[in-house]
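Reader: I am new to this structure and would like to learn how its features are read. Could you take me through a few of them, one at a time?

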Amino acid sequence: MTTDFNRRSFFKTAALPLAGLATASAAPAPSPARAAAVPEDQLALHWLEGSAPALPLGTTLGLPWPRGQQKKDQAFQALDAQGRPLPLQTWPLAYWPDGSLKWTAHALPAGVDAGANPSIQPGAAPAPAGPRVSVRETAEAVEVDTGLIRCTLPRSGAQFIRSIERDGREILRACTLVAQADDKPDAGDGAVTQTRFDSRTTKLTVEQAGPVRAVVKVDGQHRSAAGRAWLPFSLRLYFYAGAESVRVMHSFVFDGDEQRDFLRGIGLRFEVPLRDALHDRHVRFAGEAGGLWAEGVRNLTGLRRDPGAAVREAQLAGRATPPLAQWSAQVRQLHQRIPAWGDYTLSQLNADGFQVRKRTQPGHGWIPAAFGHRAPGSGYIGGATGGVAFGLRDFWQRHPTQLDIRGAIGDAAEVTVWMHAPDAPAMDLRFYHDGLGQETHEQELEGLEMTYEDYEKGFGTPVGIARSSEITLWALAATPSRERLVQMAAAVQTPPQLAAAPQRYLAAGVFGKLWSLPDRSTPARQKIEDKLDFLFDFYKKETEQRHWYGFWDYGDIRHTYDADRHEWRYDVGGFAWDNSELSPDLWLWYAWLRSGRADIFRFAEAMVRHTSEVDIYHLGRFQGLGSRHNVQHWGCSAKQARISTSAYRRFYYYLTADERIGDIMREVLSADAKMDEVDPVRKIAGRADKGPWPARIGFGTDWGSVVANVLTEWERTGDPRWRNKLVRGMKGIAAMPHGFFTGSGGYEPTGPNEGAFHNVSGNKLSASHLSAVFGGVEMMAELVELIDEPEFKQAWLQYCELYNAPREQQVKALGAPHGGGTVLSVGHSRLTAYAARQKQDKALAQRAWREFWADDPRGHKTLKTTRVDGPLALNPVDEAPWISTNDTAQWGLAAIQNLALIGDQLTD
C-alpha cells in the first residue's frame with residue numbers, strides 16, 4: 001500500500017490547532033474509537049531523568065501507536081497533568097503496512113511548563129496563547145523568529161548565521177565553522193605548516209517551518225584561502241517557539257589524506273557585540289558539581305581601594321554597577337589603572353583535568369586562573385545589555401575540547417567552541433602498523449590467526465568517517481544569574497528528554513514481540529534479571545574506570561579482556577574496540593525499553609552517536625559500510641553492512657526523531673550495492689560464486705542488514721518499492737534448496753528486480769554462527785509479522801529450530817549437519833525459543849532453556865568483580881575476566897527474548 005503523505009502535508013493537519021492558528025482550520029476531532037487507542041494508564045509521559053526540567057528549552061520525542069489505530073491524518077493534542085492544553089507540533093515518523101501511523105514525532109515549545117507528566121493523545125486541541133516560531137525565506141537568506149530572538153541564515157558564504165537579534169539589538173553575529181590542519185603530526189617530523197579553513201555554505205534547506213519547531217539544514221565544506229575545499233559538513237539548527245536559544249547539530253566527514261592532513265582544531269566561531277563598560281562585562285565558565293567561574297573583564301574586587309559594597313556586589317552578581325559617581329573617589333578616578341582581561345581559554349585536554357587561563361591582550365603573557373577535573377563545557381561573554389551563553393555537549397567525555405574568548409576588551413568578543421582543541425596534539429589518523437609483511441590473503445589470514453585482526457593493505461583508512469557534536473547558543477538580554485547559568489550547563493550536558501512508560505512501547509507492538517517487562521517473581525527469573533542489571537552496571541563502571549573517552553572513542557566499549565595484564569585488549573587486533581560486534585547496541589536498547597532506566601538510555605545514546613558516525617563510512621570507497629572491531633575504529637579490512645545496519649539506529653531515531661540518525665539510515669540504504677566490490681567473504685576459500693548476477697551476498701549478516709535498512713525506509717515512507725524489494729528477497733530465500741541453510745545466493749541489488757536472490761550453490765549446505773546475531777533475529781521477527789509470506793516464515797522457523805538442534809536432527813532434516821558449529825549457542829537459544837513460541841512446542845521451549853543455561857547451569861555463576869590494585873595495575877580497577885562483550889550482548893539478548901517468548905516454560 002502506498003502512503004502518499006509527507007511531513008509538510010502532515011503539519012497542515014497535526015500542527016493546525018496550535019498557538020496563534022485559527023481553530024476553524026483545525027482537523028476534525030477523531031472518533032471516540034480512534035481516540036481510545038492507548039489505555040489511560042499509558043498516556044502519561046515522563047522526563048527521562050525524573051523531574052521536569054528547570055529550564056524548558058523545547059523538546060522533541062517519538063511515540064508509538066498500535067497497528068491500525070491511528071489514521072495517517074490523525075491530529076494530536078498535548079495536555080499537562082491537569083488536563084490543560086499545551087502547544088504541540090506533530091509529524092509522522094513511520095507507518096504500519098495498512099498505512100496507519102506507527103510512530104509520530106511531537107515537539108513542545110520552550111518556556112512552557114509541561115509538568116512532570118504531560119500526555120500526548122489523539123484529538124484536536126484549542127489554540128493556546130503563546131509565541132510561535134516563524135520562518136521567512138528570501139533568495140539570499142532565511143529568517144527564523146522564535147518570538148524572542150530573530151536569526152538570519154545566509155544561503156551562501158562563510159557565515160551560516162549572519163546575526164541573532166533580540167529586542168532589536170544584535171546579540172550574536174558572524175557565526176562560522178573553522179578548522180586548522182598541520183601537514184605533519186608534530187614538530188619532531190620537521191617544520192610544521194598549518195593551514196586555516198573556514199566554512200562555505202553550498203546548500204540551505206528549511207526542513208520544518210513551525211509553528212512550534214523549525215529546523216534548517218546547512219550543508220557545505222571547509223575552504224582555505226588558497227581554495228582547497230574539504231571536510232564536508234552538515235549543520236542542523238533547531239528553533240523552538242518561545243526559545244532564546246538555538247541548538248546546533250554539527251557533523252563533519254574526514255575526506256583528507258591521513259598521511260598529510262593532521263587536524264589540529266575544528267570549531268564553531270562567532271562574535272558577540274559588546275556595548276557595556278569594561279567593568280560591566282562578564283565572563284563565565286561552568287565548573288563541576290554546579291560550580292561557576294565568574295569574573296568581570298575589569299574586576300573591581302580585591303583592589304587596594306574599595307569601590308564600595310554596592311559596586312562589588314553588582315559586578316559579582318552580573319548586574320550593571322552603580323553609576324561612577326556612586327563609587328569611592330579613588331577608584332572612580334583611577335579605575336583605568338586596573339588591568340582589563342581580553343582573552344580567556346578553558347581547555348579540557350583529557351578526561352581528568354581542565355584549566356582556565358587568561359591574558360590582557362595578544363603580545364602579553366597568559367596566567368593560570370583556575371583548575372578543575374571535568375568541565376561541563378559551557379560559558380558566557382556579555383554584559384548588562386546582552387550577551388551569549390554557549391555550551392558543547394559531552395565536553396569532557398570527548399576530550400580534547402576547548403572554549404576560547406578573545407577580544408573581550410574591544411567592541412566585539414570572538415568566541416570559538418572547539419570540538420577538537422587546537423591546544424592538543426593534532427589528530428593522527430594513520431593506520432597503526434606497517435602491515436607486518438602481509439601481502440597476500442594467505443598471509444592476512446595468518447595475522448587473523450594471531451591477533452584476530454583482519455588486515456588488508458589500504459583498507460584501514462579513516463577517509464569517510466564522521467563525527468557529530470551538539471552545541472547550544474543562547475542570545476540573552478543581560479548576564480544571567482549564576483544559578484541560571486548552572487541550569488544552562490546542565491541542560492547542555494543532559495538535554496531534557498520525554499519518554500513513554502515501557503508498558504506503552506510493549507503494547508504498541510513495535511520492535512517485534514521479543515521483549516517483556518522485568519519480572520522477579522521466581523528464583524530463576526530473579527537470577528536472570530539480576531545478571532542483566534549486573535552486566536550493564538559493570539560496563540557503565542568500566543567506561544569510567546578504563547576511561548573509554550575521547551573525541552573518536554566515546555560511546556564505544558572494548559571487545560575482550562586480557563586477564564594477564566588486567567586490561568582490556570586495547571592493542572590486540574580484533575579484540576580492541578567493539579564497533580557493534582555481536583550487537584551490544586541492541587542489547588542496550590531492549591534493556592532500556594523494558595526498564596526505562598535513564599542511565600541505560602544515555603549509555604545507548606552515546607553508543608549510537610559513536611557507532612553511526614565513526615564506525616561507518618559516509619563517503620568514498622566504502623560508503624555505506626562499517627568497519628569490524630579493531631585497535632582503531634576504522635582499522636579492520638572487513639567493511640561490512642553488519643556494522644552500518646539500521647537495526648542499531650532505528651531505536652534512537654523513533655524515540656527522539658533525530659534527523660541526523662535519519663540521514664545516516666538513508667546513507668546505508670544502498671549498502672547492498674557495495675557488496676560485490678567489497679565482498680565480505682573474499683578471503684574465504686571455497687566461497688560460492690555469484691554466477692551471472694551482479695553480486696553474491698549471504699542470507700545472514702548481509703541480507704539481515706539489508707532487511708533492516710530497507711524495512712526502515714519502507715516504514716518511514718510507505719513507498720511500495722521497498723516492500724517489493726523485501727518480498728523478492730523473502731521469496732528467493734524460501735525457494736532455495738535448504739532455505740536459509742543454503743547460506744547465500746546471487747543477488748540483484750538494483751534494477752527492476754532489485755532484492756531478488758538466485759541459487760548459485762546448487763544443493764550445498766552453509767551456515768555461520770554469525771548469520772543471525774547482528775540484528776538478524778530481531779529483523780526477521782518483525783519482517784514475518786509485517787509481510788505475510790508463509791514459505792519464507794517456514795524457512796525462518798526451520799533455521800531457528802535446527803541451528804542449535806542435535807546433529808542427528810540436522811542430518812534428518814537437511815541430509816547433513818549444517819556446519820554452523822556450536823559457537824554462540826547460548827545466544828542462539830533465542831532462535832530455538834522463537835520457534836518454540838511460534839509452534840507452541842513445550843519440548844522445544846525446554847530445549848531452549850537448556851541451551852541458555854549451558855555455560856552457567858541454573859545461573860550459579862557468581863556476579864561479582866575482583867579489585868585489582870598495587871603493582872598489578874596502573875590504577876585500581878574492578879575486573880571480571882569472565883565477561884566479554886560478545887558473550888554479554890548475546891547473553892543479554894537471549895535472556896530478554898527467551899523471557900518474552902517462553903518465560904512461562906522457565907522452571908526453578
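Author: Let us begin with how a helix is named: helices are DSSP runs of at least four residues, numbered from the N terminus. The model here is predicted, and just after its helix α9 comes Gly596, which takes a positive phi of about 75 degrees.

Reader: How many residues does α9 have, and what span does it reach from its first C-alpha to its last?

Author: Helix α9 covers residues 584–595, which makes 12 residues, and it reaches 16 Å from first to last C-alpha, close to the 16 Å expected at 1.5 Å a residue.

Reader: Which residues of α9 are buried?

Author: A residue is called buried when its relative accessible area is under 20%. In α9 that holds for 11 of the 12 residues, so the helix is largely enclosed by the rest of the structure; among them are Trp587, Trp589 and Trp592, along with Asp585 and Arg594.

Reader: Which strands pair with β18?

Author: Strand β23 (residues 378–383) runs antiparallel to β18 and is joined to it by five bridges, with His282 opposite Gly382. Strand β19 (residues 292–296) also pairs with β18 in the antiparallel sense, over five bridges, and here Arg284 stands opposite Ala294. Five residues lie between the strands in the hairpin of β18 and β19, where Ala289 takes a positive phi near 50 degrees.

Conventions
Residues are numbered from 1 along each chain as its sequence is written. This is a predicted model: local features need pLDDT of at least 70, side-chain atom pairs count only at pLDDT 80 or more; totals for chains, interfaces and linings use all residues. Side-chain values use heavy atoms; hydrogens and water are left out. Helices (H or I, at least four residues) and strands (E, at least two) are DSSP runs, numbered from the N terminus. The expected span of a helix is 1.5 Å times one less than its number of residues. Buried means under 20% relative accessible area, exposed over 50%, partly exposed in between (1.4 Å probe, protein chains only). Two strands pair if DSSP finds at least two bridges between them.
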